[in-house]
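Reader: I'd like to go through this model piece by piece. Can you put it up before we start?

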Amino acid sequence: MRFIILRIQWILIFVLAGTFLSGCIPTNPAIATRFYVLTPVDSTTPPVRQPDPNRPLSVEIATLHLPQYLEKPQIVTRSGINQLELAEYHQWGGNLRKNMIRVMARNLSHLLATPEISMAPFRPLAPPDFTIEMEVMQYEADAQGQVRLSAQWRIFQGTGKKNMTTRMTDLTRQATGLDFEHTVLAMSSLLGELSRIISQEILILVPVHQKN
């Protein structure tokens, strides 16, 4: 009987000690998740084409595909040649692919000085002058803050799928800081640069399109 009483007493002592220690040791506060979005080019950025109210260009962004590892809410960092890291507390404020399409549409509208930019799944009412399809191979930063955007893109005439050009573009930019805010700013800048390259290619194709 005495043994049982002593055992109970020791159990109570351990429980009380654990309660006391847990009250004295500070606990880590919950880490807040931060969310990020890409942004379009600045309104002060000079367009590549002057506005033409009589004949604005119409462009449709038909497809934009991402590799599966980027189709996640977490922002991805390439920590090695074959290794990726997902930031649990730094995530996209929505779907990255849809965010890219919306930002590209804003960029093309500004750079080509036209409001007639449509995005899938919303098809234009009339056949567009040009249709863009894009396959993204890489769109993330490495551990040193070097951001890379690699993509293959195609421009078609109208919706007839007449391929007018196919290009592979590989762009890099050093983020001004190693935090995720600066990383996303650099990613937005690269998407703006790619939008300018595509806009310039469309301008080259306009005379060919008008002749057909």
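Author: One term before the core: a nonpolar core is a set of buried Ala, Val, Leu, Ile, Met, Phe, Trp, Tyr and Cys residues joined through side-chain atoms within 4.5 Å. Buried means under 20% relative accessible area, exposed over 50%, and partly exposed in between, with a 1.4 Å probe and protein chains only.

Reader: Noted. And the ground rules?

Author: This is a predicted model, where local features need pLDDT of at least 70 and side-chain atom pairs count only at pLDDT 80 or more, while totals for chains, interfaces and linings use all residues. Residues are numbered from 1 along each chain as its sequence is written, and side-chain values use heavy atoms, with hydrogens and water left out.

Reader: How many helices and strands are in the protein chain?

Author: The chain has 3 helices and 8 strands; these are DSSP runs numbered from the N terminus, helices being H or I of at least four residues and strands E of at least two. Their order along the sequence is α-β-β-β-β-α-β-β-β-β-α.

Reader: What share of the residues counts as buried?

Author: 39% of the 212 residues.

Reader: Back to the core, then. Which residues have the most contacts inside the largest one?

Author: L38, M100, M134, V136, Y139, I198 and I202, in a core of 45 residues. Elements giving two or more residues to this core are β2, β3, α2 (96-111), β6, β7 (146-157), β8 (162-174) and α3. The top contributor is α3, with 10 residues.

Reader: What does I198 touch?

Author: Not counting residues up to four places away in sequence, I198 touches M104, L108, I132, M134, W153 and I155. Contact here means heavy atoms within 4.5 Å.

Reader: What lines the largest cavity?

Author: Its lining consists of L70, Q74, I75, V76, W92, L96, Y139, E140, A141, T183 and M187. Two or more of the lining residues come from each of β3 (74-80), β6 (130-142) and α3 (180-211).

Reader: Now R49. Is R49 buried or exposed?

Author: R49 is buried, because its relative accessible area is 13%. R49 sits in the loop between β1 and β2, and its side chain reaches the backbone oxygen of R55 at 3.2 Å. Beyond its neighbours within four places in sequence, R49 is in contact with R55, P56, L57, L111, L112, A113 and L203.

Reader: Where is A113 found?

Author: In the loop between α2 and β5 (117-119). A113 has a positive phi of about 50 degrees although it is not a glycine. Most residues other than glycine have a negative phi.

Reader: Last one, Q91. Where is Q91 found?

Author: Q91 is in strand β4, residues 83-92. Q91 counts as buried because its relative accessible area is 14%. The side chain of Q91 reaches the backbone oxygen of E88 at 2.8 Å.

How values were computed:
1 Å grid on protein atoms, 1.4 Å probe; cavity = no way out; pocket = protein on both sides within 12 Å on 5 of 7 lines; lining within 4 Å. Polar contact = N/O pair within 3.5 Å; in protein donor to acceptor, adjacent residues only side chain to side chain.
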